[in-house]
Amino acid sequence: MRFKRTIVARLLLVCGGLLIGLLLTEVMLRVLGIAYPLPYLPDVYVGSRLQPGFSAWFTEEGRAYVQINRAGFRDREHELKKPADTFRIAVLGDSFAEAVQVSREDTFWSVLERRLATAPRFEGKEVELLNFGISGHGTAQQLQMLRHYVLPYEPDVVVLAFFAGNDVRNNSRQLEPDDVRPFFACDGAHLKLDDSFLRHPDFVNANSRSTRMKVAAI
């Protein structure tokens, strides 16, 4: 009996030591700013989108501090209601629009906003560009993004940043290896939404409460 108690006590000490070591390592990594950020969350309309309020330094293919606004987009904050005397342009796209490799001021949509603001055509108006680009999205997801997230902002113009390198593939269930996303199929003269990804095990797991809590804790 004494031997079993000794074994149990030693196991508890080992487990406690490992836990303390992991906690100290986590603290040290956070102090040094070393982390692998997880900015994406599952979304029932587009498959995945950015986590509202997320911020982190990205150092792959460049170096930029990235902040996600409260609506879940890589942009500054925008009011849902379009202000008076404002011309709004919504940008849809993939990683080229999300552009975590550069600062927000250097993204193409920020540069375009500054240039249009001085154009004679918009004299007396405020030009406002809203970025809805999400890395990895194809035009099927961007159509869903337009329907469910963009139109409430009352854009005057919608710009689709199309990348021929993979956007065609992204829209084909037969060609796209990542099938945790919506697709559209032609049904006569109409597009029929295929949202079977909602039942995909990876999406169900990512959308579970336990997984969301884990992501929030990172």
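Guide: A pocket is an open set of points on a 1 Å grid over the protein atoms alone, where a 1.4 Å probe fits, with protein on both sides within 12 Å along at least five of seven lines; lining residues have an atom within 4 Å of a point. This is a predicted model, in which local features need pLDDT of at least 70, side-chain atom pairs count only at pLDDT 80 or more, and totals for chains, interfaces and linings use all residues. Residues are numbered from 1 along each chain as its sequence is written, and side-chain values use heavy atoms, with hydrogens and water left out.

Visitor: How much space lies in the second largest pocket?
Guide: About 350 Å³, the volume being the space filled by probe spheres set on the points, which are joined across faces, edges and corners. Its lining has 18 residues, and those closest to the centre include Tyr40 and Gly47.

Visitor: What makes Phe132 and Tyr153 a contact?
Guide: Contact means heavy atoms within 4.5 Å. Phe132 meets that with Tyr153, and also with others including Phe73, Met145 and Val150, so these pairs count as contacts.

Visitor: Which residues is Glu79 in contact with, leaving aside its neighbours within four places in sequence?
Guide: They are Arg70, Arg88 and Tyr153. Glu79 and Tyr153 are 74 residues apart in sequence, and their C-alpha atoms are 7.8 Å apart in space.

Visitor: What makes a set of residues a nonpolar core?
Guide: Its members are buried Ala, Val, Leu, Ile, Met, Phe, Trp, Tyr and Cys residues joined through side-chain atoms within 4.5 Å, where buried means under 20% relative accessible area (1.4 Å probe, protein chains only). The largest has 18 residues, and Phe58 and Phe73 are among those that touch the most other members.

Technical notes:
Buried < 20%, exposed > 50% of the residue type's maximum accessible area, 1.4 Å probe, protein only.
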